[in-house]
Amino acid sequence: MVPTRFLLYLSLVTLIPFVGCGTPPQKMNLSEAAMIPLPSSMKEDGSSFALSPSSKIKLNDAALQNLADYLKGLLGSSTGYALETATGSDLDQGDIYLQLTEIEGNAEAYILEIKEDHLVIKGSEKGIFYGIQTLRQLLPPAIEYRKSQEGPWLVPTGMIEDAPVYAYRGAMLDVARHFFGVEDVKRYIDLISSFKINHLHLHLSDDQGWRIEIRSWPKLATHGGSTQVGGGKGGFYTQDQYTELVDYAAKRFITIVPEIDMPGHTNAILTSYPQLSCDGKDRELYTGIEVGFSTLCTKKESTYRFVDDVIRELSLITPGRYIHIGGDESLVTPLEDYIPFMERVQKIVTSYNKRVMGWDEIAHADLERRAVVQYWSEAENALKGVEKGAKVLMSPANRVYLDMQYDSTSPLGLHWAAYIDVDSAYLWNPSDLVQGIGQDDIIGVEAPLWSETLTKMDDIEYMAFPRLAAIAEVAWTPSAQRDWQQFRQRLAKFSARFDAMDVNYYPSPLIPWDGGIEKALN
Ligand code: TNX
């Protein structure tokens, strides 16, 4: 006869793995995790949390359903788990709890508390979104695959309390020199949002192309948008497509900032409507790279009717507060014409309840209340802007222009401002850049990606990554906590994550890359 004690032992041994809910906790150190941007504070406690097939996403407020769906979209395919949503704070083993709550001091703050048996993300909706991005980076890189992978899906335990230094963390995409369609822009939005970027500035017009449907001036898009640098077919967004992008971005807490560049960089306008130039003569579409030869006629009343129509239509489909009016490199507009033009255009923008943003040259004009001067090349202009009461958006070309080559061997990009490898994009501090422009004058940092040499999504990814990760940290993390050597080590671990996301990143020789997804999976 088998002793009952032995039977009891046998049943316990076979049952334990099932009642024990999968993966037992392991020793893990939160401070060794590769997070970018680095959170402003964290405490580790040396153990781990595991997602499990029965993990649920619990909410304290039905308003978080969109975030729960988004989170499930991120984690559901690679884990293969159902990740059902439920309302209530009754937490079971493996649950993720999203808790809508106000954190004092910063509307973008979040708290991520990871315990062995559950984890909690607290904050405003936006804060919770950023907590989700951090959680994503704490999970193994294979979480980024779109098809089901082997776990375990462990997260180091501890507590992160985090908030950004700058409220405006931007990327700009030039869709004028080469046109990029809705799907490409959505992918860019997905990629930049993982680094907690919250604005996407679209450079919608330039000499080579006009990229947004304007119903009152239809030829802008149909004719002005019909080509691009190199003579390809170009393209434009219908207002419905633009709205689709605005909505897609908003779900990722990104605000679209549309730019109509004026009074220079306007050949595509003038070829569509020659009456907007002073000589009224017909012009050809332009597919070269050199600029600085075109200007709207600042003296004609019809020019201002045109600007009013464009800004009105754009304002109606742009929920964000900023309209960018360009203003750079107007080399054939005399300053005495440029200034009154820029002043009138700003008034048009504010008449539609929008705030003005413009390249640093706009500081030559008087500035509307709450205008933002985007510093790209002339410190003197940016300073003048601050003296006139404006705020500054930092885009120093020799640090953050993502179209600059990494080094002299880069197959894509220009190098008029500098060669910019990852160290140069990382090793600067916005409030130390221009004497007289301090943190309070600065709304944030934006990394423009001009597209003269870029024709496809792979090119965008190659120029943006990994530099955009460095710039995102400059904008988010307090400078006293940033350290280049330590950043290199963290970035090194992103090779696997970029591989899993199929990002065509530049493997900078300055980074001790960790071996990619193959190594991570073995
Ligand atoms: C300067 S930056 C420009 C753009 C070019 C870029 C190329 C700025 C406001 N104007 O028109 O595309 O350089 O790097």
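The model is a predicted one, and residues are numbered from 1 along each chain as its sequence is written. The count of cavities of 30 Å³ or more comes to 1, while the largest pocket holds about 590 Å³ of space. Elsewhere, helix H8 (residues 301-316) and helix H9 (residues 335-351) cross at roughly 35°, and Cys278 and Cys297 form a disulfide.

**The cavity**

- Rolling a probe the size of a water molecule over the atoms shows where empty space is left.
- The largest cavity has a volume of about 60 Å³, and its lining is made by Gln133, Arg136, Gln137, Glu144, Ser194, Phe195, Phe494, Arg497, Phe498 and Met501.
- Two or more residues of this lining come from each of helix H3 (125-138) and helix H16 (494-500).
- Sorted by class, the residues that line the largest cavity are 4 nonpolar, 3 polar and 3 charged.

**The pockets**

- The largest pocket, with about 590 Å³ of space, is lined by 30 residues, and those nearest its centre are Leu139, Pro140, Pro141, Lys493 and Arg497.
- At least two residues of the lining of the largest pocket are supplied by each of H3, strand S7 (153-162), H16 and helix H17 (516-521).
- The classes in the lining of the largest pocket are 16 nonpolar, 7 polar and 7 charged residues.
- In the lining of the second largest pocket, 12 residues are nonpolar, 3 are polar and 6 are charged.

**The pair of helices H8 and H9**

- Two packed helices are described by the angle between their axes and the distance between the axes.
- For H8 and H9, the axes come within 10 Å and cross at roughly 35°, and the crossing is right-handed.
- On the side of H8, the contact is made by Glu301, Thr303, Tyr304, Val307, Asp308 and Ile311, and on the side of H9 by Phe341, Arg344, Val345, Ile348 and Val349.
- Taken by class, the residues of the contact of H8 with H9 are 7 nonpolar, 1 polar and 3 charged.

**The disulfide**

- A disulfide is a covalent bond between the sulfur atoms of two cysteines.
- The count of disulfides in this model comes to 1, and in this link the sulfur atoms of Cys278 and Cys297 are 2.0 Å apart.
- The link of Cys278 and Cys297 is right-handed, with 85° about the S-S bond.
- Cys278 and Cys297 both lie in the loop between helix H7 (267-272) and H8, so the pair ties together parts that are 19 residues apart in sequence.

**Backbone details in loops**

- The peptide bond from Ile36 to Pro37 is cis, with omega near -5°, and Pro37 is found in the loop between helix H1 (4-19) and strand S1 (41-51).
- Another cis peptide bond joins Met262 and Pro263, where omega is about -10°, and Pro263 is found in the loop between strand S12 (255-262) and H7.
- Leu83, although it is not a glycine, has a positive phi of about 45°, and its place is in the loop between helix H2 (65-79) and strand S3 (85-87).

Key
This is a predicted model: local features need pLDDT of at least 70, side-chain atom pairs count only at pLDDT 80 or more; totals for chains, interfaces and linings use all residues. Side-chain values use heavy atoms; hydrogens and water are left out. On a 1 Å grid over the protein atoms alone, a cavity is a set of points where a 1.4 Å probe fits but cannot get out, and a pocket is an open set with protein on both sides within 12 Å along at least five of seven lines; lining residues have an atom within 4 Å of a point. Grid points are joined across faces, edges and corners, and a volume is the space filled by probe spheres set on the points. Helices (H or I, at least four residues) and strands (E, at least two) are DSSP runs, numbered from the N terminus. Ala, Val, Leu, Ile, Met, Phe, Trp, Tyr, Cys and Pro count as nonpolar, Asp, Glu, Lys and Arg as charged, and the others, Gly among them, as polar. Axes are lines fitted to C-alpha atoms, for helices over the stretch in contact, and angles run from 0 to 180 degrees between N-to-C directions. A crossing is left-handed if the near helix is turned anticlockwise from the far one by less than a right angle, and right-handed if clockwise. Contact means heavy atoms within 4.5 Å. A disulfide is a pair of cysteine sulfur atoms within 2.5 Å.
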